[in-house]
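Visitor: I am new to this structure. Please take me through one part of it slowly.

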Protein chains: 2
Amino acid sequence: MTLTGKLFIGAADIAASEGTMNALNPATNREIEPGFALGGRAEVDLAVRLAEQAFDGYSHTTLAERAAFLGRIADNLDAVRTELAERAAQETGLPAVQLEAEATKAATQFRQFAEVVRKGRFLQATIDPAQPERQPRPRMDHRMQKIALGPVAIFGASNFPIAYSVAGGDTASALAAGCTVVLKAHNAHPGASEIMARVIRKAVQDSGLHQGVFSMVRGAGNTVGEALVDHPLIKAVTFTGSEGGGMALYRRAQLRLEPIPVFTEMTSVNPTFILPQALSLRGAEIGDGFAERMLVNVGQACLKPAILLGIEGPGFEAMRESLSARIASAPARPMLTPGIHSAYLQGLDRQQASGARRTAEGAAPSQDLDGRSALLEIDGARFLADPRLAEEVFGPAALLVKVRDAEELIAIAMAFRGQLSASMHLENADTSLAQRLLPILERRTGRIVVNAFAHPQEVSYASIHGGPFPATSDSRFTSVGMSAIDRFLRPVSYQGFPDTLLPMALREANPLGVPRLVDGGVVTRRSPAARNDQETIRWRGDGAPADQRAFARASKRPNFQGASR
Amino acid sequence: MTLTGKLFIGAADIAASEGTMNALNPATNREIEPGFALGGRAEVDLAVRLAEQAFDGYSHTTLAERAAFLGRIADNLDAVRTELAERAAQETGLPAVQLEAEATKAATQFRQFAEVVRKGRFLQATIDPAQPERQPRPRMDHRMQKIALGPVAIFGASNFPIAYSVAGGDTASALAAGCTVVLKAHNAHPGASEIMARVIRKAVQDSGLHQGVFSMVRGAGNTVGEALVDHPLIKAVTFTGSEGGGMALYRRAQLRLEPIPVFTEMTSVNPTFILPQALSLRGAEIGDGFAERMLVNVGQACLKPAILLGIEGPGFEAMRESLSARIASAPARPMLTPGIHSAYLQGLDRQQASGARRTAEGAAPSQDLDGRSALLEIDGARFLADPRLAEEVFGPAALLVKVRDAEELIAIAMAFRGQLSASMHLENADTSLAQRLLPILERRTGRIVVNAFAHPQEVSYASIHGGPFPATSDSRFTSVGMSAIDRFLRPVSYQGFPDTLLPMALREANPLGVPRLVDGGVVTRRSPAARNDQETIRWRGDGAPADQRAFARASKRPNFQGASR
């Protein structure tokens with residue numbers, strides 16, 4: 001595939017209006033060809049207007065059509081896997097084999113969301129049947145489903161240049177919800193971004209969808225990002241990146257005439273609590289496992305375990321030694337961008353200025369942007385005294401905290417800001433301390449891991465990649481996992497509708513066979529008859545056919561009278 | 001019950017620190033005894049700290065305990081129904097009989113949320129079992145449930161002084177979620193507020209809960225409201241009121257160091273579209289029904305149908321005449337507050353300045369704060385030309401718009417800002433026009449009603465009282481109905497947990513019997529055995545016992561490999 005370097009706005013390749021840029025190969029610190037077009041407010045406006053034009057049609061595609069579209073993106077990603085991984089490797093310094101796995105994962109996410117769409121549970125179809133006999137006032141038939149918010153702006157992440165970039169989880173979940181997408185490509189991997197945009201565009205075309213379903217823009221500085229967030233037709237924003245960048249976008253969006261939801265995934269140190277019995281039995285193994293996970297992706301992962309907390313006592317030295325040894329033997333590898341590289345060095349300096357000692361270092365850098373692995377250490381009292389030590393250093397460094405006792409460990413747990421995850425390593429004898437930690441961690445994290453490390457993040461139904469501020473800007477949602485789709489949906493209630501006007505998911509015969517909540521307690525299925533569209537008998541999940549007498553009984557419960565506004 | 005006029009902070013009656021105020025009887029425009037204490041930042045801080053102290057315990061109450069607590073509030077509300085309605089009538093000018101029904105409704109809402117709690121579906125328990133054989137990497141056991149956000153601030157509404165005030169739907173849904181509540185009483189009905197606060201406090205005490213579960217504060221001006229929104233321990237805010245007030249709170253909360261969710265329910269004109277065949281067959285009946293609903297509560301309802309749109313032709317005059325006649329015969333009744341009364345007069349003036357003609361008026365006022373009912377009229381072209389005509393006039397007035405044709409009706413529908421609701425009156429022959437209107441209304445409303453009026457709002461599972469801005473500040477949620485609880489919840493994932501450390505809803509035996517999503521497709525139930533806590537067999541919703549082979553099969557699906565971050 002020849003890279004054109006253009007902006008991908010709907011079906012059109014749009015040339016630069018604000019100059020061009022080149023990708024940088026972080027392994028060599030040299031630019032790579034070709035040049036890539038930079039746009040501005042005009043290109044954003046064009047893309048967003050197309051997304052708006054496409055929205056009504058796209059958001060009303062059938063579940064089968066939308067799932068097929070997502071499946072085509074997955075297939076197209078598979079077809080370019082090698083080429084995509086090779087270009088991404090040049091642009092990020094990450095190993096091509098790892099990026100091939102990331103491409104596989106990206107395709108998997110589209111297939112997973114295709115399945116979510118086909119199942120239709122995300123619609124949360126809900127039916128409160130009419131109660132004509134209710135006193136003092138009859139209840140009308142009420143039905144509810146979720147619909148897509150509108151065109152959304154997605155900011156590609158830099159650190160996972162495939163699975164959380166152009167064809168990443170945000171795009172997959174937004175498209176699954178029925179939203180149209182204007183994606184801001186990250187300037188750190190423009191070539192990989194173009195390959196992915198091409199893949200999505202082809203799926204749009206092959207699916208016969210409006211060209212505005214997906215566009216990709218790119219710009220210098222903040223102009224394009226700000227134009228996206230400001231655009232009145234944009235109805236939601238997702239962002240993965242730094243706390244500074246995320247909060248600037250978040251606050252800007254809240255100052256719009258019409259504020260919109262902004263889900264930013266920003267910063268987390270993913271504290272790892274080693275409880276005493278686990279430490280004494282498995283100290284060396286834990287130190288080794290921690291080091292392995294913290295060094296993945298040159299430490300440039302939102303789920304990097306960055307802070308390791310152990311109570312001094314049996315096993316602590318063994319843990320420290322295995323951790324140190326592994327870090328000391330780690331090769332220096334290129335970091336993603338010059339900005340990330342210099343922020344990493346500053347972060348290390350900041351921790352040392354706060355009193356942390358650098359006790360182990362990996363191999364020395366051989367190239368400009370190589371990140372040298374590092375272990376820093378401090379004791380619990382000094383850690384507690386300086387909140388800056390609990391802030392993220394993005395890169396291959398970790399902080400080992402020697403904690404005095406269980407009480408100090410609890411105090412440290414309570415001092416953390418919001419996190420994506422926390423881990424506890426424990427044995428049976430640690431249960432009572434774990435039970436004390438658990439409610440503290442629940443209030444501060446989106447995911448709690450036992451006897452493993454937070455990274456990697458599973459992508460499944462129970463996955464949560466979210467958490468209280470500043471891990472994200474809205475702890476009620478997740479950016480990874482099947483419920484990431486909920487960020488892009490809102491409920492609409494339909495009252496007293498004739499069957500033919502209702503959305504398919506809410507029609508009496510349940511022709512889509514989606515799960516439905518009926519009268520608050522029962523999930524219905526498609527009746528065998530409805531498969532032939534011949535009958536409209538509704539079957540309840542408990543096997544009993546719908547029973548008007550139940551409605552009549554409910555209508556006589558005194559508790560539920562007068563329940564209208 | 002003797003009114004003390006104090007602030008209700010936990011178990012303590014707190015005296016005024018910022019002077020006192022008296023309630024006003026709008027029917028007489030005279031103050032009523034006793035005086036009510038006003039507090040400031042110190043009292044807010046005290047209440048919020050108590051709410052924080054109470055949170056861990058309250059949010060971990062069992063579902064049964066929490067449901068019993070909500071039930072006690074309902075019973076206590078029933079016990080004071082007459083007294084509460086009488087005091088609220090004095091403070092609002094609304095009929096006592098209507099307020100008794102509102103008290104019944106408030107109690108009903110607590111009972112409904114008790115049922116939501118008992119059922120446990122709001123936890124959205126989700127289980128992705130371990131897949132030890134999955135390639136290339138085994139999947140660990142992942143489980144997810146929703147937990148409460150933390151202490152929340154609730155601003156009582158003025159227009160429904162019982163069911164959406166101190167003991168209203170916001171309080172019920174927040175307490176149901178497991179949040180502790182600091183309520184800001186509306187100064188328009190301090191006596192009714194105290195009676196409700198007392199009822200909740202008694203239920204807290206009788207349930208053996210921490211005193212900080214509920215507090216009620218009150219203040220002059222904006223100090224108390226701002227202190228609540230600013231307080232770092234407050235994790236969410238709900239507000240019902242004007243767009244100006246709601247957006248001031250919303251934007252203030254987004255400027256906090258840690259922004260928090262703010263759900264404001266603000267403004268809606270609930271447009272009512274009369275389609276041609278319905279108009280020709282039922283014009284007079286529709287005009288009559290519209291007038292009845294718009295005059296409820298002296299037009300002071302968020303769901304008041306305020307704008308009536310009919311295409312000129314058969315039935316229009318009949319509709320106009322029945323509407324005019326009913327408005328002309330409407331008595332003038334006291335409005336809630338002097339501020340609302342004067343804003344109503346200004347709103348009428350604004351509409352006339354925009355070209356609307358006042359074509360019918362109700363009986364003349366006999367008291368200072370009486371609101372005189374009014375019908376205004378305009379044609380579709382002029383309505384479209386001046387967006388101010390589409391803004392809410394809170395009170396007993398409506399705007400009848402004579403629309404030229406279907407195209408103009410569509411154009412008008414597209415021009416509306418976000419609404420809580422819209423209604424269509426239609427007959428079979430109107431179906432194709434309804435199908436054109438429907439996607440336009442879906443994008444602009446939270447609820448669409450056919451052949452009825454938006455007001456009243458049912459409180460049930462499929463109820464949505466929300467909608468795009470400016471109807472609310474977050475269209476993804478509702479403030480009325482059972483899913484109002486979702487505003488106060490966030491997900492937490494538990495990975496690799498031993499059964500004994502898991503929250504009850506996620507334990508293998510499902511001892512609470514809550515619905516659970518297992519592997520994305522199956523809702524489990526409590527097994528008969530688990531009721532006796534003797535066995536841990538898991539039953540699937542489809543009647544088949546859990547089958548490890550299914551997990552093994554899933555682990556071999558190539559589509560789902562590598563799906564981790």
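Visitor: Which helices and strands each supply at least two residues of the lining of the largest cavity?

Guide: A word first: this is a predicted model. Now the lining. In chain A, helix H4 (96-119) and strands S6 (142-148), S21 (489-495) and S22 (516-518) each supply at least two residues.

Next, the space itself. The largest cavity holds about 1,200 Å³. Its lining is made of 49 residues. Closest to the centre are A:Arg121, A:Gln124, A:Asp486, B:Arg121 and B:Gln124. By kind, the lining divides into 27 nonpolar, 10 polar and 12 charged residues. The count of cavities of 30 Å³ or more comes to 8.

How do the two chains relate? A rotation of 180 degrees, with 0.0 Å of shift along its axis, superposes chain B on chain A. The RMSD is 0.0 Å. The copies are thus related as by a two-fold rotation axis. In chain B, the C-alpha nearest that axis belongs to B:Gln254, at 3.4 Å. Of the interface residues of chain B, 99% are also interface residues in chain A, so the copies meet through the same surface.

Back to the elements of the lining, in chain B. Helix H4 of chain B contains both B:Lys119 and B:Glu115. These two form a salt bridge, with the closest N and O atoms 3.1 Å apart. They sit 4 residues apart, so about one helical turn separates them. B:Lys119 is partly exposed, at 28% relative accessible area.

A second salt bridge joins the side chains of B:Arg139 and B:Asp519, at 2.8 Å from N to O. This pair links distant parts of the chain, 380 residues apart. B:Arg139 lies in the loop between strand S5 (126-128) and S6 of chain B. B:Asp519 lies in the loop between S22 and strand S23 (522-525) of chain B. B:Asp519 is partly exposed, at 23%.

Side chains of opposite charge can pair when their charged atoms come close. Over all chains, the whole structure has 66 salt bridges. Among them is the pair B:Glu194 and B:Arg198, with the closest N and O atoms 2.7 Å apart. In chain A, a network of salt bridges links A:Arg41, A:Glu226, A:Asp230 and A:Arg252.

Key
Residues numbered from 1 in each chain as written. Chains lettered and ligands numbered in written order. Predicted model: local features only at pLDDT ≥ 70, side-chain atom pairs only at ≥ 80, totals over all residues. Heavy atoms only, no water. Least-squares fit on C-alpha atoms with pLDDT ≥ 70 in both. Contact = heavy atoms within 4.5 Å. 1 Å grid on protein atoms, 1.4 Å probe; cavity = no way out; pocket = protein on both sides within 12 Å on 5 of 7 lines; lining within 4 Å. Points joined across faces, edges and corners; volume = space filled by probe spheres on them. Nonpolar A, V, L, I, M, F, W, Y, C, P; charged D, E, K, R; others polar. Salt bridge = Lys/Arg side-chain N within 4 Å of Asp/Glu carboxyl O. Buried < 20%, exposed > 50% of the residue type's maximum accessible area, 1.4 Å probe, protein only.
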